[in-house]
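Trainee: I'm new to this one and a bit lost. Could you pick a single part and walk me through it slowly, one neighbour at a time?

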Amino acid sequence: MVKVKVFGVVRLDSGVKEFECEAASVPEAFQTFNAQSKISREYGFGDVVVFINGERTTKKNASLKNGDEVWFMSPVSGG
């Protein structure tokens, strides 16, 4: 089981704070997240900053294992 936490605007838009899922990769975690989201927009790797166990990953198809914690964070923006 993988634990996913959602932060920032992505959390506000989706209505999803956190969830657990059986996911072997980041794309599988996104599938579960999008299924739980309250909006029809689908999020993917290019829409958020992804951390696995506290370390940022740039691998779109990063593998996950039982006990991992994944964070989906809104990219920083300013104005």
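Mentor: Let's begin with Ser14, which is buried because its relative accessible area is 1%; buried means under 20%, exposed means over 50%, and partly exposed is whatever falls in between, with a 1.4 Å probe and protein chains only. Residues are numbered from 1 along each chain as its sequence is written, and side-chain values use heavy atoms, with hydrogens and water left out. Keep in mind that this is a predicted model, where local features need pLDDT of at least 70 and side-chain atom pairs count only at pLDDT 80 or more, while totals for chains, interfaces and linings use all residues.

You'll find Ser14 in helix 1 (residues 8-14). Helices here are DSSP runs of H or I with at least four residues, strands are runs of E with at least two, and both are numbered from the N terminus. A polar atom of the Ser14 side chain sits 2.8 Å from the backbone oxygen of Val10. That is a polar contact, meaning a pair of N or O atoms within 3.5 Å; within protein, one must be able to donate a hydrogen and the other to accept it, and residues adjacent in sequence count only if both atoms are side-chain atoms. Setting aside residues up to four places away in sequence, Ser14 touches Val6, Phe33, Ser37 and Lys38, where contact means heavy atoms within 4.5 Å.

Let's follow Phe33 from there. Phe33 is buried as well, because its relative accessible area is 0%. There are 6 aromatic pairs in the structure. Rings of Phe, Tyr and Trp (its six-membered ring) pair if their centres lie within 6.5 Å; planes under 30 degrees apart count as stacked, over 60 as edge-to-face, and the rest as tilted. Phe33 and Tyr43 have ring centres 5.8 Å apart and planes at 55°, so this pair is tilted. This pair links distant parts of the chain, with Phe33 in helix 2 and Tyr43 in the loop between helix 2 and strand 3, 10 residues apart. Tyr43 is buried, because its relative accessible area is 7%.

Phe33 has another ring partner. With Phe72 the centres are 5.7 Å apart and the planes are at 75°, so that pair is edge-to-face. It too links distant parts of the chain: Phe33 in helix 2 and Phe72 in strand 5 are 39 residues apart. Phe72 counts as buried because its relative accessible area is 0%. Taken together, ring pairs link Phe19, Phe30, Phe33, Tyr43 and Phe72 into a cluster. Tyr43 also has Arg41 over its face, 4.3 Å from the ring centre; a charge sits over a ring if NZ of Lys or CZ of Arg is within 6 Å of the ring centre and within 35 degrees of the ring normal.

Now zoom out to what helix 2 lies on. Helix 2 (residues 26-36) lies across strand 1 (2-7), strand 2, strand 3 and strand 5 (69-73), and runs at about 125° to strand 2. For such angles, axes are lines fitted to C-alpha atoms, for helices over the stretch in contact, and angles run from 0 to 180 degrees between N-to-C directions. The strands form an open sheet of 5 in the order 2-1-5-3-4, with mixed pairing; two strands pair if DSSP finds at least two bridges between them. Strand 2 (18-21) and strand 4 are the edge strands, each pairing on one side only.

Strand 3 pairs with strand 5 in the antiparallel sense over 4 bridges, and Phe51 stands opposite Trp71 in strand 5. Strand 3 also runs antiparallel to strand 4, joined by 2 bridges: Phe51 has Arg56 as its bridge partner there, and Ile52 stands opposite Glu55. From strand 3, Val49 and Phe51 point one way while Val50 and Ile52 point the other way, and all are buried.

One last stop is the turn of that hairpin. The hairpin of strand 3 and strand 4 has 2 residues between the strands, and Asn53 there takes a positive phi near 50°. Asn53 is partly exposed, because its relative accessibility is 42%. Asp68, in the loop between strand 4 and strand 5, is in contact with Asn53 and Ile52, among others, leaving aside neighbours within four places in sequence. Asp68 is buried, because its relative accessible area is 5%, and its side chain reaches the backbone nitrogen of Lys65 at 2.8 Å.
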